[in-house]
Amino acid sequence: MPLKAAPLSPDGTQVVAQRSSRGRVSGLAVFDVVSGELLATLGGLCPWEPEQFAFITPADCGDCSTVADATDLAWSPDGRRMASSDLSGVVRIWDPDTAEELRVFEDLSGSIAWDLAWSPDGSRLAVAAEGGHMVVWEADSGKVVWSTRD
């Protein structure tokens, strides 16, 4: 299975790989850049098979689940959080060290988020979605700071 996208952490020590199959992303994994060690899989993903440099497919591992196809990934400036957006219109903030889902934003009115950007201090997350919809959230509280829709 090919890998798609590989954003580096701000300090350059970690990379997030998106596994893709037939052009569709079906998994996120955080790796150590030096050792190649898998540090975390995000979103209850199928296990990683390091010898094959590939994710085990759902058919191979039975009940493992995957998140919806990712549309963008963005590291926070301090490298302590990772934001992801997907085709279901959900934006998530993760702890890449523990794979814990820290916050879920589902108020894009059904729009798909295509671009994510953190503020320089990491306190806010901006999202550009289809149809010209844009939202800026407080990353910790989830409060909408600004939106193109009321």
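Contact here means heavy atoms within 4.5 Å. With that in hand, welcome to a quick tour of this predicted model.

- Q14 sits in strand 2, which covers residues 14-21.
- Because its relative accessibility is 12%, and buried means under 20%, Q14 counts as buried.
- Leaving out residues up to four places away in sequence, Q14 touches P7, L8, S9, V30, F31, V33, L39, W75, P96 and D97.
- With one of these residues, D97, there is also a polar contact, made side chain to side chain at 3.5 Å.

- Four strands make up an open sheet in the order 7-8-9-10, and their pairing is antiparallel.
- Strand 7 (70-75) and strand 10 (100-105) are at the edges; each has a single partner strand, so one side of each lacks a neighbour in the sheet.
- From one strand to the next, the twist averages 20°.
- Strand 7 and strand 8 (residues 82-86) run antiparallel and are joined by five bridges.
- If you want to find this pairing on screen, look for L73, whose bridge partner in strand 8 is S84.

**Two hairpins that share strand 13**
- Strand 12 (residues 124-129) runs antiparallel to strand 13 (residues 134-138), with five bridges joining them.
- Here V127 stands opposite V135 of strand 13.
- These two strands form a hairpin with four residues between them, and G131 in the turn has a positive phi of about 75°.
- Strand 13 also pairs with strand 14 (residues 144-147), in the antiparallel sense and over three bridges.
- In that pairing, V136 is opposite W146 of strand 14.
- The hairpin of strand 13 and strand 14 has five residues between the strands, and its G142 takes a positive phi near 85°.

**Nonpolar cores**
- The largest nonpolar core holds 14 residues, and the ones with the most contacts inside it are V91, L108, L116, W118, L125, V127 and W137.
- Strand 9 (91-95), strand 11 (113-118), strand 12 and strand 13 each give two or more residues to this core.
- Strand 11 provides the largest share of this core, at three residues.
- A second, separate core has ten residues, among them A40, L42, W75 and M82.

Note on methods. Residues numbered from 1 in each chain as written. Predicted model: local features only at pLDDT ≥ 70, side-chain atom pairs only at ≥ 80, totals over all residues. Heavy atoms only, no water. Buried < 20%, exposed > 50% of the residue type's maximum accessible area, 1.4 Å probe, protein only. Polar contact = N/O pair within 3.5 Å; in protein donor to acceptor, adjacent residues only side chain to side chain. Pairing = 2+ DSSP bridges. Axes fitted to C-alpha atoms, helices over the stretch in contact; angles between N-to-C directions. Core = buried A, V, L, I, M, F, W, Y, C linked by side-chain atoms within 4.5 Å.
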